[in-house]
Amino acid sequence: MKKMIAAVVCVRVDIIRKVKRLLLTVACHLLSFVGMAQTPVSQTCYTADPASLVYEDRFYIFVGRDEAAEDGGWFDMREWRIYSSDDMVNWTDHGARLRPTDFEWSDGDAWASQCIHHNGKFYWYVSANHKEKGGKAIGVAVSDHPLGPYTAPRGTALITTDMTPNQGDFDDIDPSVFVDDDGQAYLYWGNGKCKYVKLNDDLISFSDSIHYVDVPLFGEAPWLHKHNGVYYLSYSHGLPSTIEYSTSTSPTGPWTHRGRILDPVENCGTSHQAISQFKDRWYLVYHNGALPKGGNHRRSVCVEEFVYNADGSIPNLTTSTEKR
Ligand code: FUB
């Protein structure tokens, strides 16, 4: 009798699971039918620190994967992943494409990254632990295709903690590279203080000295983009973090604070954003902690479309888990 009851329970659990799966699939199809984004972009793993890249009619998002346990008190990040879409509704999960251990100098912590396309190659800048020098460092991997394979062209990191002394273990994080119309590339990064260097033409080295930039309310996560000839530097501020931005007539400043793009996000202290134009529309990608069992170290990357105000300012965006 006990065996029969157990068998019936098993069959019912199985049916419930199948119905749930079916409902989820139908919901996803309905969302795509009415033109709504699947957001968060990944529903199957936690993702953070998005960086966008537009290439050949596809919108790519490069992220770090959050693998902390539900009660985990700190980041557990071991890989960088890529997602892409050609309609901002349906997303392809390309899986893990780079790991800290792909860099000779690193032994872990896949913190924020950004990939850019320049002169036919893809340069993926990352922040990760430096196993000998300590602290976080910034390195670069290169590929002929946005999805890789990526290889590290130098045996060493590009930026290490000894180059920016006395600022703590996390000051060399969150790389963001911007190539201006004249071909000059700028690497921005930092926590606490915002820094930049002009990169050499090879994009994997620099001869410039490191500049410390005065950016109002700067916390971390710099992202530089250009719109109608104006340079926009967005970044996170405070904890729980907001996303603020400043503008300038030059990629090196001086920077004038223009406003707040995002209030603190749902269920997560940090905030990290990227901004790109795709098919004549502008998108902000960011993370929150809104997925079930999500939180500070189990974040989720989302997308929000926005329209510049008439004066070129970026509106304060009401983010949503339901619309793009
Ligand atoms: O994901 C680890 C760190 O948290 C990033 O480098 C910061 O931008 C913050 O999001």
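1. The model is predicted. Tyr 308 has a relative accessibility of 12% and therefore counts as buried, since the cut-off for that class is under 20%. Trp 282, at 11% relative accessibility, is likewise classed as buried.

2. Aromatic pairs deserve attention: 23 of them are found when the whole structure is searched. One of these joins Tyr 232 and Tyr 245, whose ring centres are 6.0 Å apart; their planes meet at 20°, so the pair is stacked. Tyr 232 belongs to strand S13 (residues 230-237) and Tyr 245 to strand S14 (residues 242-248), so that a separation of 13 residues is bridged and distant parts of the chain are linked. Tyr 232 and Tyr 245 are both buried.

3. A further pair is formed by Trp 282 and Tyr 308. The centres of these two rings lie 5.1 Å apart with the planes at 85°, and the pair is therefore edge-to-face, given that angles over 60 degrees fall in that class. Trp 282 is located in strand S17 (residues 281-288), while Tyr 308 is in the segment after strand S18 (300-306); the pair therefore ties together parts that are 26 residues apart in sequence.

4. The two pairs above should be read together. Tyr 232, Tyr 245, Trp 282, Phe 306 and Tyr 308 are linked by ring pairs into a cluster.

5. Phe 170 is placed in the loop that runs between strand S7 (136-143) and strand S8 (176-179). Its relative accessibility is 33%, which means that Phe 170 counts as partly exposed. Beyond neighbours within four places in sequence, Phe 170 contacts Trp 74, Trp 111, Lys 136 and Asn 191.

6. Which residues surround the ligand? Trp 111 is one of them, and the others include Phe 75, Met 77, Ala 112, Ile 173, Asp 174, Glu 220, Thr 270 and His 287. Asp 49, His 272 and Arg 299 also belong to these surroundings. A polar side-chain atom of Asp 49 is 2.5 Å from a ligand oxygen atom. For the side chain of His 272, an N or O atom is 2.7 Å from an oxygen atom of the ligand; for that of Arg 299, the corresponding distance is 2.8 Å. On its own the ligand has 280 Å² of accessible area, of which the protein covers 98%.

Key:
Residues are numbered from 1 along each chain as its sequence is written. This is a predicted model: local features need pLDDT of at least 70, side-chain atom pairs count only at pLDDT 80 or more; totals for chains, interfaces and linings use all residues. Side-chain values use heavy atoms; hydrogens and water are left out. Helices (H or I, at least four residues) and strands (E, at least two) are DSSP runs, numbered from the N terminus. Buried means under 20% relative accessible area, exposed over 50%, partly exposed in between (1.4 Å probe, protein chains only). Contact means heavy atoms within 4.5 Å. Rings of Phe, Tyr and Trp (its six-membered ring) pair if their centres lie within 6.5 Å; planes under 30 degrees apart count as stacked, over 60 as edge-to-face and the rest as tilted. A residue is near a molecule or strand if one of its heavy atoms lies within 4 Å of it. A polar contact is a pair of N or O atoms within 3.5 Å; within protein, one must be able to donate a hydrogen and the other to accept it, and residues adjacent in sequence count only if both atoms are side-chain atoms. Accessible areas come from the Shrake-Rupley method with a 1.4 Å probe; for residues, only the protein chains shown count as cover.
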